[in-house]
Amino acid sequence: MKTLALALASTIVALPASAGVYVNVENNAGFTGSDYEGSITDFHVGYEGGTDTFGFYVQGGPAVVAVDGAEESDTRISGKVGANVAATEKLDFYGEVSVLTADSDTDDDNNWATKVGAKFSF
């Protein structure tokens with residue numbers, strides 16, 4: 001996973017600044033009912049591009065994992081790759097694959113997630 005993160009970072013650094021490079025800071029918090037469980041804050045550098053009918057992005061960087069009740073937060077690596085396709089003027093399809101590396105103090109596996117959907121505009 002560290003090799004993937006290094007390759008991603010090297011690719012992004014090599015891209016010209018005008019080619020769609022961006023910074024994205026995002027926090028996702030989790031709750032069960034009104035009980036706060038924790039949060040993950042991504043500090044990503046990314047690149048996006050495409051045409052009028054196809055768009056894509058790739059982003060990655062450190063992610064701070066803060067579990068409720070834990071004494072310290074844990075810094076891991078996370079990344080996302082996504083794309084969207086305009087099927088018609090009003091209908092788009094999109095998808096995303098994301099990964100969060102496992103806690104280095106455990107034998108857990110990396111966390112993977114997918115997102116797929118369709119968006120219809122009126």
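Contact here means heavy atoms within 4.5 Å. With that in hand, A29 touches Y36, G38 and S39, leaving aside residues up to four places away in sequence. Keep in mind that this is a predicted model. The protein has 1 helix and 6 strands, and what follows is a quick tour of a few spots worth a look on screen.

**Overall layout**

- Reading from the N terminus, the elements go α-β-β-β-β-β-β.
- The protein has 122 residues, and buried ones make up 24% of them.
- Take the contacts with a separation of 6 or more: 40% of these join residues 24 or more positions apart.

**A29 and S39**

- A29 sits in strand 1, while S39 belongs to strand 2, which covers residues 35–50.
- A29 comes out as partly exposed, at 42% relative accessibility.
- S39 has contacts with N27, N28 and A29, and also with V64, V65 and A66, again not counting residues up to four places away in sequence.

**Aromatic rings**

- The count of aromatic pairs comes to 4. One of them is Y47 with F56, where the ring centres are 5.9 Å apart and the planes meet at 45°, so the pair is tilted.
- Why is the word "tilted" used for Y47 and F56? Planes under 30 degrees apart would count as stacked and over 60 as edge-to-face, so an angle of 45° makes this pair tilted.
- Y47, F54 and F56 are linked into a cluster by ring pairs.
- Y47 is buried, at 18% relative accessibility, whereas F56 is partly exposed, with a relative accessible area of 30%.

**Nonpolar surface patch**

- V21, V23, V25, F43 and V45 make a nonpolar surface patch of about 410 Å².
- Strand 1 (21–32) and strand 2 each put in at least two residues.
- Which strand gives the largest share of the nonpolar patch? That is strand 1, with 3 residues.
- V25 is in strand 1, and V25 is exposed because its relative accessible area of 51% falls over the 50% cut-off.

**Salt bridges**

- Side chains of opposite charge can pair when their charged atoms come close.
- How many salt bridges does the structure hold? There are 2.
- One of them joins K80 to E26, with the closest N and O atoms 2.9 Å apart. K80 is in strand 4 (residues 74–86) and E26 is in strand 1, so this pair ties together parts that are 54 residues apart in sequence.
- K80 is buried, with a relative accessible area of 13%, while E26 is partly exposed at 25%.
- D74 and R76 form a salt bridge too, and here the closest N and O atoms are 2.8 Å apart. Both D74 and R76 are buried.

**N110 in its loop**

- N110 is found in the loop between strand 5 (91–100) and strand 6 (111–120).
- At 29% relative accessibility, N110 counts as partly exposed.
- What does the side chain of N110 reach? The side chain goes to the backbone nitrogen of A102, at 3.0 Å.
- N110 and L100 are 10 residues apart along the chain, and their C-alpha atoms are separated by 5.8 Å.

Definitions and conventions
Residues numbered from 1 in each chain as written. Predicted model: local features only at pLDDT ≥ 70, side-chain atom pairs only at ≥ 80, totals over all residues. Heavy atoms only, no water. Helix = DSSP H or I, 4+ residues; strand = E, 2+ residues; numbered from the N terminus. Phe/Tyr/Trp six-rings, centres within 6.5 Å; stacked < 30°, edge-to-face > 60°. Buried < 20%, exposed > 50% of the residue type's maximum accessible area, 1.4 Å probe, protein only. Patch = residues over 30% accessible without salt bridge, like charges linked within 9 Å, V, L, I, M, F, W, Y side chains within 5 Å. Areas by Shrake-Rupley, 256 points an atom, 1.4 Å probe, with all protein chains shown as cover. Salt bridge = Lys/Arg side-chain N within 4 Å of Asp/Glu carboxyl O. Polar contact = N/O pair within 3.5 Å; in protein donor to acceptor, adjacent residues only side chain to side chain.
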